[in-house]
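Here is a short briefing to read with the model open beside you. Please have a look at the fold before going on to the notes.

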Amino acid sequence: MRSVIQSDEDHGMPELPEIVNLARQMNAKLDGKRIGRVQLTQPKCLNLRPERFRRRIIKKRIGSTRAYGKWLFTRLEPGENLLLNLGMGGDLRYHKSSKTIPKKYQFRVTFNDSTELTASFWWFGYVHLASDSDLPKHAMTSKLGVSPIDEDFTVEKLGSLLSGRRGAIKSFLLDQKNVAGIGNVYVQDILFGARLHPLRDIKKLKPGDVQALHRSIRDVLNRSIKLGGLKYERDLYGRNGRFGSEHFMVGYKTGEPCPVCHKKVKKVRTGSTASYICPKCQRR
Ligand SMILES: [Zn+2]
């Protein structure tokens, strides 16, 4: 599947399930560790000058980590928050010792027990720092929409987000200001699960469609979270996820039979992205 997705515009962009998985592993592994040493090799990834960044992060204690859209928010006690975005094809990796440190990394933290954490970006990623009082004003995350696996993401909430809107449902779902964490990989099966064509106009959605969409968002994301994310993405220990090609319903299945009606899945161009649809189940 990696080759299929690599040839597409969906290359290695972690979405919510992969980020949730990383957050869980960080909570299990890093919580309570104290930061001893920090290496920053690419100032462009930072939101502060490296010296200032280093000064503020050193000696802080790692608190809890949570997934927010495509970002990881880690508490640094006292008073700071580390915000990580792996961009495309980035790797966040835990190391028991320095033996496994990759040759190239943009961010490296050595904890007081000699274990380490590295972030390596293949394309572009971010390592930002925000104090508790600055966090709500952090430009790249303050406008993010609701997290679709949070309790407050209800059918009513989705309905109210869609109400009065127009335009294609797929663009709505990919816009991180509406719902945070869905990208062009999972959106394929999310739309299929709700039997919605990617270009369906929001204005024409019926209450039943909104309900089906809400259920499908939860189903697809939770299924992947249970499987540790996509097969071509890696976790904190460098292991691949288990959500593979066989778990997709129509995503990346051009020419294969639709699991519901057996008509052949088609790849179509929808605005700036590619979509995989069943032409019978997902009528425009
Ligand atoms: Zn079908």
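Helix 2 (residues 16-29) has 14 residues, which at 1.5 Å a residue should span 20 Å, and its end C-alpha atoms are 20 Å apart, in agreement. That expected span is 1.5 Å times one less than the number of residues. Helices (H or I, at least four residues) and strands (E, at least two) are DSSP runs, numbered from the N terminus. This is a predicted model: local features need pLDDT of at least 70, side-chain atom pairs count only at pLDDT 80 or more, and totals for chains, interfaces and linings use all residues. Residues are numbered from 1 along each chain as its sequence is written, and side-chain values use heavy atoms, leaving out hydrogens and water.

**Burial of helix 2**
- Helix 2 is largely enclosed by the rest of the structure, because 10 of its 14 residues are buried (under 20% relative accessible area, with a 1.4 Å probe and protein chains only).
- Among those buried residues are Leu16, Glu18, Asn21 and Met26.
- Their cover includes strand 2 (61-68), strand 3 (71-77), strand 5 (91-95), helix 6 (186-193) and helix 7.

**Lysine 253**
- Lysine 253 lies in the loop between helix 7 (207-226) and strand 9 (266-270).
- Lysine 253 is buried, at a relative accessible area of 10%.
- Not counting residues up to four places away in sequence, lysine 253 touches Ser245, Glu246, Phe248, Val265 and Tyr276 (contact means heavy atoms within 4.5 Å).

Key. Buried < 20%, exposed > 50% of the residue type's maximum accessible area, 1.4 Å probe, protein only.
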